[in-house]
Amino acid sequence: MGLDTSHGCWHGACLAFNRWRDELAKSAGYQTLPVVYDDGVKRDTIMIDWGHVPDGALMGEWDSTPSDPLMVIIAHSDCKGVIHPAQAEPLASRLEELLDKLPAEKDPGHIGDWRSKTQAFIDGLRLAASTGEDVDFH
């Protein structure tokens, strides 16, 4: 099972998407907590205050863009929902700030080049914002 989005933002495995956004969050200074899942897989989990994330954020519904637009992607579902144009441009700018903080070495999995993968997401967000369209996750 994978994740595809409109506007060329993402095409790849859901697990890779989760690892990518976790790396973005770590690069932005969010704290992580290692969690061991039932299948024995250990993965860092981004620590956010879910009590202050609005209902609907999982599907991309925000009344206003959060103070850190990166929250739009951190709190987003990895398989469905949207990113609205109002959040797309601020998120693109925030991702751009993080490009140089991402690993320079390639990911051995589906991500490949962290910075190129992020730039593709940025480009897709800007394309969607410029046409007034949502980025669709499916």
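Helices are DSSP runs of H or I with at least four residues, strands are DSSP runs of E with at least two, and both are numbered from the N terminus. The views show a predicted model, in which local features need pLDDT of at least 70 and side-chain atom pairs count only at pLDDT 80 or more, while totals for chains, interfaces and linings use all residues. Residues are numbered from 1 along each chain as its sequence is written, and side-chain values use heavy atoms, with hydrogens and water left out.

**View A. Glu-23 in helix 1.** Glu-23 belongs to helix 1, which covers residues 14–27. The residue is buried, with a relative accessible area of 18% (buried means under 20%, exposed over 50% and partly exposed in between, with a 1.4 Å probe and protein chains only). Contact means heavy atoms within 4.5 Å. Setting aside neighbours within four places in sequence, Glu-23 is in contact with Leu-102, Pro-103 and Trp-114.

**View B. The packing of helix 1 against helix 4.** Two packed helices are described by the angle between their axes and by the distance between those axes. The axes are lines fitted to C-alpha atoms, for helices over the stretch in contact, and angles between N-to-C directions run from 0 to 180 degrees. Helix 1 and helix 4 pack at an angle of about 95°, and their axes are 11 Å apart. The two helices are therefore roughly perpendicular to each other (angles of 65 to 115 degrees count as roughly perpendicular, under 35 as roughly parallel, over 145 as roughly antiparallel and the rest as oblique). Helix 1 contributes Phe-17, Arg-19, Trp-20, Glu-23 and Leu-24 to the contact, and helix 4 contributes Trp-114, Lys-117, Thr-118 and Phe-121. By class, the residues of this contact are five nonpolar, one polar and three charged. Ala, Val, Leu, Ile, Met, Phe, Trp, Tyr, Cys and Pro count as nonpolar, Asp, Glu, Lys and Arg as charged, and the others, Gly among them, as polar.

**View C. The packing of helix 3 against helix 4.** Helix 3 (residues 85–98) and helix 4 (residues 114–131) pack at an angle of about 150°, with 8 Å between their axes. They are therefore roughly antiparallel to each other. The contact involves Pro-85, Ala-88, Glu-89, Leu-91, Ala-92, Ser-93, Leu-95 and Glu-96 of helix 3, together with Thr-118, Phe-121, Ile-122, Leu-125, Arg-126 and Ala-129 of helix 4. Nine of the contact residues are nonpolar, two are polar and three are charged.

**View D. Arg-94 in helix 3.** Arg-94 lies in helix 3 and counts as buried, at 15% relative accessibility. Not counting residues up to four places away in sequence, Arg-94 touches Ala-28, Asp-68, Pro-69 and Leu-70.

**View E. Lys-106 in the loop between helix 3 and helix 4.** The loop between these two helices holds Lys-106. Lys-106 is exposed, with a relative accessible area of 61%. Residues up to four places away in sequence being left out, Lys-106 touches Gly-112, Asp-113 and Trp-114. Lys-106 and Ala-129 are 23 residues apart along the chain, and their C-alpha atoms are separated by 29 Å.

View F. Apart from residues up to four places away in sequence, Ser-6 touches Asp-134, Val-135, Asp-136 and His-138. The C-alpha atoms of Ser-6 and His-138 are separated by 8.5 Å, although the residues are 132 apart along the chain. His-7 is also placed in the loop between strand 1 (2–4) and strand 2 (11–13), and is partly exposed, with a relative accessible area of 22%. The phi of His-7 is near 60°, a positive value in a residue other than glycine. Most residues other than glycine have a negative phi.

View G. Cys-9 is found in the loop between strand 1 and strand 2 and counts as buried, at 2% relative accessibility. Neighbours within four places in sequence aside, Cys-9 is in contact with Ala-120, Phe-121, Gly-124, Leu-125 and Val-135. Cys-9 and Val-135 are 126 residues apart in sequence and 7.9 Å apart in space, C-alpha to C-alpha. The structure holds zero disulfides, a disulfide being a pair of cysteine sulfur atoms within 2.5 Å. The cysteine sulfur closest to that of Cys-9 is in Cys-14, at 15 Å, too far for a bond. Cys-14 is buried, with a relative accessible area of 13%. Its closest cysteine sulfur, in Cys-79, is 6.1 Å from its own, too far for a bond.
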